[in-house]
Amino acid sequence: DALPISQILDHARDLAGTDGAPIHFQFPEVSAPVQADLARAALVVASMIDQGRACTAQQPVNVTGLAAGKSEIAVRFVPGPHSSATGMFDSYRAARGPSGIALRTARALMELQHGTLTLDTAQPDTWTLRARFATEQ
């Protein structure tokens, strides 16, 4: 189904809950529709938020739906001193949080929807999990 990024973010916000590090959501004013199943896509974003909360030391987790032709949702967080990106997608063990799914499972859900889930650690003080969705063709 074709969905606006803002609808996925809204549903993920409901799933994410309020325990743990604060979450800041930034909704795009306009976004191109993406091809995604709402329940699966929101579960992926909630898993990304859970992982961000698990890695950060009570710093805010920032969730952004990018507009301007991009079809992605980014979850940015400051990694804690004991956080490691190594093996983050290797385990089926979920980070503590309401989503209940591991990033490995979230990545598989994105691939089923012809999307991707990646981790960018190029900036050591801010890591970014990116869910890129397929767009309408």
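What share of the contacts in the protein chain with a separation of 6 or more comes from residues 24 or more positions apart? In this predicted model, such residues account for 68% of those contacts. The protein chain has three helices and eight strands, and along the sequence these elements follow the pattern β-α-β-β-α-β-β-α-β-β-β. Of the 137 residues in the protein chain, 43% are buried, while the accessible surface comes to about 7,100 Å², with 48% of that area belonging to carbon and sulfur atoms.

- Helix 2 is mostly covered, since 13 of its 18 residues are buried.
- In helix 3, which runs over residues 103–112, the buried residues include Leu103, Ala106, Leu109 and Met110; seen down the helix axis, the buried residues fall within an arc of 115°, so they line one face of helix 3.
- On the other side of helix 3, Glu111 and Leu112 are exposed.
- The cover over the buried residues of helix 3 includes helix 2, strand 6 (116–123) and strand 7 (126–132).
- After helix 3 comes His114, which has a positive phi, near 65°.

- Three strands form an open sheet in the order 1-3-8, and their pairing is antiparallel.
- The edge strands of this sheet are strand 1 (2–3) and strand 8 (134–135), each of which pairs on one side only.
- Strand 1 and strand 3 (residues 34–35) run antiparallel and are joined by two bridges, with Leu3 standing opposite Val34 of strand 3.
- In general, strands of a sheet pair through backbone hydrogen bonds, in either a parallel or an antiparallel manner.

**Salt bridges**

- The structure holds four salt bridges; as a general point, side chains of opposite charge can pair when their charged atoms come close.
- Within helix 1 (residues 5–16), Asp10 and Arg13 lie three residues apart, about one turn of the helix, and their side chains meet in a salt bridge with an N to O distance of 2.7 Å.
- Both partners of that pair are partly exposed, Asp10 having a relative accessible area of 34% and Arg13 one of 38%.
- Glu72 forms a salt bridge with Arg132, in which the closest N and O atoms are 2.9 Å apart; this pair links distant parts of the chain, with Glu72 in strand 5 (residues 72–77) and Arg132 in strand 7, 60 residues apart.
- Glu72 is buried, with a relative accessible area of 5%, whereas Arg132 counts as partly exposed at 35% relative accessibility.
- Asp120 and Arg130 meet through their side chains in a salt bridge of 3.7 Å, N to O; Asp120 belongs to strand 6 and Arg130 to strand 7, and the two residues are 10 residues apart.
- Asp120 counts as partly exposed at 30% relative accessibility, whereas Arg130 counts as buried because its value of 16% is under the 20% cut-off.
- Glu72, Asp120, Arg130 and Arg132 are linked in a network of salt bridges.

Methods: Residues numbered from 1 in each chain as written. Predicted model: local features only at pLDDT ≥ 70, side-chain atom pairs only at ≥ 80, totals over all residues. Heavy atoms only, no water. Buried < 20%, exposed > 50% of the residue type's maximum accessible area, 1.4 Å probe, protein only. Helix = DSSP H or I, 4+ residues; strand = E, 2+ residues; numbered from the N terminus. Arc of directions from axis to C-beta. Contact = heavy atoms within 4.5 Å. Areas by Shrake-Rupley, 256 points an atom, 1.4 Å probe, with all protein chains shown as cover. Pairing = 2+ DSSP bridges.
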